[in-house]
Amino acid sequence: MDDRPIWFAPKRYGYGTGLPVAWQGWAAIAGFFAVVILAGALLKDKPGLMASIIFPELAIFLSIAARTTHGGWRWRWGDPD
């Protein structure tokens, strides 16, 4: 059995994650957008520095989302109903 927390629901079709199902997922999204908006506002004249903050933040967020999605990330074709 997997003891990982479930913060995000899987997408019905396609690859990746859907909407959050727990407050921690919503907090992760809010934190990601806060960092991106803050970096964009403070570093608008320094695109290299801004990218060096946003890209690692994106990698961290995607890693968290992948590890906390119910069933993990895989291609889904929808429900067999």
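## Ser52

Ser52 is partly exposed, with a relative accessible area of 41%. In this predicted model, the residue sits in helix α2. A polar atom of the Ser52 side chain lies 2.7 Å from the backbone oxygen of Leu49. Tyr13 is 39 residues from Ser52 along the chain, and their C-alpha atoms are separated by 32 Å.

## Helix α2

Helix α2 has 21 residues. From first C-alpha to last it reaches 30 Å, close to the 30 Å expected at 1.5 Å a residue. Buried residues in α2 are Met50, Ile54, Glu57, Phe61 and Ala65. They cover an arc of only 75 degrees around the axis, which puts them on the same side of α2. An α-helix has 3.6 residues a turn, so residues three or four places apart point the same way.

What covers this buried set? The cover includes β1 (8–10), β3 and α1 (23–42). On the other side of α2, Gly48 and Phe55 are exposed.

## Helix α1

Helix α1 has 20 residues and reaches 28 Å between its first and last C-alpha atoms. That is close to the 28 Å expected at 1.5 Å a residue. Gly25, Ala28, Ile29, Phe32 and Ala39 are buried in α1. Their arc around the axis is only 105 degrees, which puts them on the same side of α1.

The buried residues of α1 pack against β1, β3 and α2. The face turned away from this buried side carries exposed residues: Trp23, Ile37, Leu38 and Leu42.

## Nonpolar core

Which residues make up the largest nonpolar core? There are six: Phe8, Ala28, Ile29, Phe32, Phe61 and Ala65. The elements giving two or more residues to this core are α1 and α2. The largest share, three residues, comes from α1. In soluble globular proteins, nonpolar side chains tend to be buried together.

Phe8 belongs to this core. Leaving aside neighbours within four places in sequence, Phe8 is in contact with several residues, including Ile29, Phe61 and Ala65. Its contacts also include Thr17, Gly18, Leu19, Pro20 and Val21. Gly25, Thr68, Thr69 and His70 are among them too.

## Aromatic pairs

The model holds five aromatic pairs. One of them joins Tyr15 and Trp73. Their ring centres are 5.7 Å apart and their planes stand at 75 degrees, so the pair is edge-to-face; the cut-off for that class is over 60 degrees. Tyr15 lies in the loop between β2 (13–14) and β3 (17–20). Trp73 lies in the loop between α2 (47–67) and β4 (76–77). The pair therefore ties together parts that are 58 residues apart in sequence.

Phe8, Phe32, Phe33 and Phe61 form one aromatic cluster.

Conventions. Residues numbered from 1 in each chain as written. Predicted model: local features only at pLDDT ≥ 70, side-chain atom pairs only at ≥ 80, totals over all residues. Heavy atoms only, no water. Phe/Tyr/Trp six-rings, centres within 6.5 Å; stacked < 30°, edge-to-face > 60°. Helix = DSSP H or I, 4+ residues; strand = E, 2+ residues; numbered from the N terminus. Expected span 1.5 Å × (residues − 1). Buried < 20%, exposed > 50% of the residue type's maximum accessible area, 1.4 Å probe, protein only. Arc of directions from axis to C-beta. Contact = heavy atoms within 4.5 Å. Polar contact = N/O pair within 3.5 Å; in protein donor to acceptor, adjacent residues only side chain to side chain. Core = buried A, V, L, I, M, F, W, Y, C linked by side-chain atoms within 4.5 Å.
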